[in-house]
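This briefing is meant to be read alongside the sequence and the coordinates. Please keep both in view while going through the points.

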Amino acid sequence: MTPANFLGLGWAATPAGLKAMEELGKLNHGSTSASNAMCNFLILNISSLQLIPVNVIAFRSQYGSVEPTAIVGAGIVATTISTVTAIIFCKMMDRKKTRRA
């Protein structure tokens, strides 16, 4: 994950994410299916742990919120839960795949 993800600017991380996925694809030796590393990267990128949800703060400020940064604590908790859930899911899928092999 890039610093842009941590700041809630996922759109700014898209070029770096695409480049990382290309590099992971090269390591996948031309296979048409995604590798575990590619799936893990995508899931962690989508879960998006955010320390400062800049976009939400900007929207709250734009629409006249008295305290636009009040969302920071809840945002950290919610994105931490989604990231931990993503990591657990990736580990479960990795174990499932290694059992089959």
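The model is predicted, and a search of the whole structure finds two salt bridges.

**Helix 5**
- Helix 5, which covers residues 71-100, has 30 residues and reaches 43 Å from its first C-alpha to its last, close to the 44 Å expected at 1.5 Å a residue.
- The buried residues of helix 5 are G75, T79, T83, A86 and C90, and these buried residues pack against helix 3 (36-47).

**Loop residues**
- N28 is found in the loop between helix 2 (14-27) and helix 3, where N28 counts as buried because its relative accessibility is 16%, under the 20% cut-off.
- When neighbours within four places in sequence are left aside, N28 is in contact with S33, A34, S35 and M38.
- I52 is found in the loop between helix 3 and helix 4 (54-62) and is partly exposed, with a relative accessible area of 40%.
- Although I52 and V72 are 20 residues apart in sequence, their C-alpha atoms are 6.2 Å apart in space.

- K19 forms a salt bridge with E23, with the closest N and O atoms 3.4 Å apart; being four residues apart in helix 2, K19 and E23 are separated by about one helical turn.
- K26 and E23 also meet in a salt bridge through their side chains, at 3.3 Å from N to O, and both lie in helix 2, three residues apart, about one turn of the helix.

How values were computed
Residues are numbered from 1 along each chain as its sequence is written. This is a predicted model: local features need pLDDT of at least 70, side-chain atom pairs count only at pLDDT 80 or more; totals for chains, interfaces and linings use all residues. Side-chain values use heavy atoms; hydrogens and water are left out. Helices (H or I, at least four residues) and strands (E, at least two) are DSSP runs, numbered from the N terminus. The expected span of a helix is 1.5 Å times one less than its number of residues. Buried means under 20% relative accessible area, exposed over 50%, partly exposed in between (1.4 Å probe, protein chains only). Contact means heavy atoms within 4.5 Å. A salt bridge is a side-chain nitrogen of Lys or Arg within 4 Å of a carboxyl oxygen of Asp or Glu.
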